[in-house]
Amino acid sequence: MGALVAIEGLDGAGKRTLIEAVGGELRGQGVRVGSLAFPRYGRSVHADLAAEALRGQHGDLAGSVNAMALLFALDRADARGELAKLLADNDIVLLDRYVASNVAYNAARTDQSASGEIASWVAELEFGRFELPVPDVHVLLDVPTELAAQRARRRGELDAARALDAYERDTALQQRTAAVYRELAETHWHGTWWSHAPHDDPATLTARLAEKISR
């Protein structure tokens, strides 16, 4: 059974780039690496409904914190079999976002902390009722909000399919989300958390993960 590692952070934080770098280095060391990105846009009806709502469709759906959180949770619940197979077939599985993202964004939307009601509800829903595996390690890609926003805007300009949604356009929400993420990391919400800054060498994270796998 492989180690489950969730890479978390704001939109535009550089999660995909970090996963590609770390995954490439680990594979070069002979480690079997799997990866999966959430939300699974284009593959999951729940993820696609959420994306459409964030772009103004489906009436007042996007206004409901619990409804949006449930859609993203159902996307992960539907991927449980795929995730189990990845863990069975690899030494490590790197996730581009996972359950903590549901907590961070929706706690921020409701002005709650990482220990608030929405965080408890999401954990019970996803780890409890849906029986999703808890990560062995969460890695918070902790970048300045302004830098993440610049990257997200540039990404949207280059790829129309990744144009900014309602969450990404809301600067205040992104700032609150970053604060919740840091609190999750500081309190080690549901397991071990490591922080990775923009100037940190991906090789350092690779070495830490390789050591954890070897144990």
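**Helix pairs**

I began with H5 and H6, whose crossing is right-handed. The model is a predicted one, and I kept that in mind throughout.

I looked up the geometry of this pair next. The axes of H5 (residues 99-109) and H6 (residues 117-129) cross at roughly 155 degrees and come within 9 Å of each other. H5 is therefore roughly antiparallel to H6, since angles over 145 degrees count that way.

I listed the residues that make the contact. H5 supplies Val 99, Asn 102, Val 103, Asn 106 and Ala 107, and H6 supplies Ile 118, Ala 119, Val 122, Glu 126 and Phe 127. Sorted by class, the contact of H5 with H6 has 7 nonpolar, 2 polar and 1 charged residues.

I then turned to H1 and H10. Helix H1 covers residues 15-28 and helix H10 residues 202-214; their axes come within 9 Å and cross at roughly 55 degrees. That angle makes H1 oblique to H10. The crossing of H1 and H10 is right-handed.

On the H1 side I found Leu 18, Ala 21, Val 22, Glu 25 and Leu 26 in the contact, and on the H10 side Pro 202, Ala 203, Leu 205, Thr 206, Leu 209 and Ala 210. The residues of the contact of H1 with H10 divide into 9 nonpolar, 1 polar and 1 charged.

**The sheet**

In what order do the strands of the open sheet run? I read the order as E2-E3-E1-E4-E5, 5 strands with parallel pairing. E2 (33-37) and E5 (192-196) stand at the edges with a single partner strand each, so one side of each has no neighbour in the sheet. From one strand to the next the twist averages 20 degrees.

I went through several of the pairings:

- E2 and E3 (residues 92-96) run parallel and are joined by 5 bridges. Leu 36 has Leu 95 of E3 as its bridge partner.
- E1 (residues 3-8) and E4 run parallel and are joined by 4 bridges. Val 5 has Val 137 of E4 as its bridge partner.
- E4 and E5 pair in the parallel sense over 5 bridges. Here Val 137 stands opposite Thr 192 of E5.

Is strand E4 mostly covered or mostly open? I found E4 (residues 137-141) mostly covered, with 5 of its 5 residues buried. In a regular strand, side chains alternate between the two faces of the sheet. I checked E4 face by face: Val 137, Val 139 and Leu 141 on one side are buried, and so are His 138 and Leu 140 on the other.

I looked up Trp 194, which is in strand E5. Trp 194 counts as buried because its relative accessibility is 12%, and the cut-off for buried is under 20%.

What does Trp 194 contact, leaving aside neighbours within four places in sequence? I noted Val 137, His 138, Val 139, Leu 140, Leu 205, Arg 208, Leu 209 and Lys 212. Among these, Val 137, His 138, Val 139 and Leu 140 are buried residues of E4, and Leu 205 and Leu 209 of H10 take part in the contact with H1.

His 46 is in helix H2 (residues 45-53). With a relative accessible area of 17%, His 46 is buried. Not counting residues up to four places away in sequence, His 46 touches Leu 71, Leu 74, Asp 75 and Asp 78.

**Backbone entries in loops**

I checked the loops for backbone angles to write down. Phe 38 and Pro 39 are joined by a cis peptide bond, with omega near -5 degrees. Pro 39 is in the loop between E2 and H2.

His 58 is in the loop between H2 and helix H3 (65-78). The phi of His 58 is near 65 degrees, a positive value in a residue other than glycine. His 58 is partly exposed, at a relative accessible area of 38%.

Glu 131 lies in the loop between H6 and E4. Glu 131 also has a positive phi, about 55 degrees, although it is not a glycine.

Note on methods: Residues are numbered from 1 along each chain as its sequence is written. This is a predicted model: local features need pLDDT of at least 70, side-chain atom pairs count only at pLDDT 80 or more; totals for chains, interfaces and linings use all residues. Side-chain values use heavy atoms; hydrogens and water are left out. Axes are lines fitted to C-alpha atoms, for helices over the stretch in contact, and angles run from 0 to 180 degrees between N-to-C directions. Helices (H or I, at least four residues) and strands (E, at least two) are DSSP runs, numbered from the N terminus. Angles under 35 degrees count as roughly parallel, over 145 as roughly antiparallel, 65 to 115 as roughly perpendicular and the rest as oblique. A crossing is left-handed if the near helix is turned anticlockwise from the far one by less than a right angle, and right-handed if clockwise. Contact means heavy atoms within 4.5 Å. Ala, Val, Leu, Ile, Met, Phe, Trp, Tyr, Cys and Pro count as nonpolar, Asp, Glu, Lys and Arg as charged, and the others, Gly among them, as polar. Two strands pair if DSSP finds at least two bridges between them. Buried means under 20% relative accessible area, exposed over 50%, partly exposed in between (1.4 Å probe, protein chains only).
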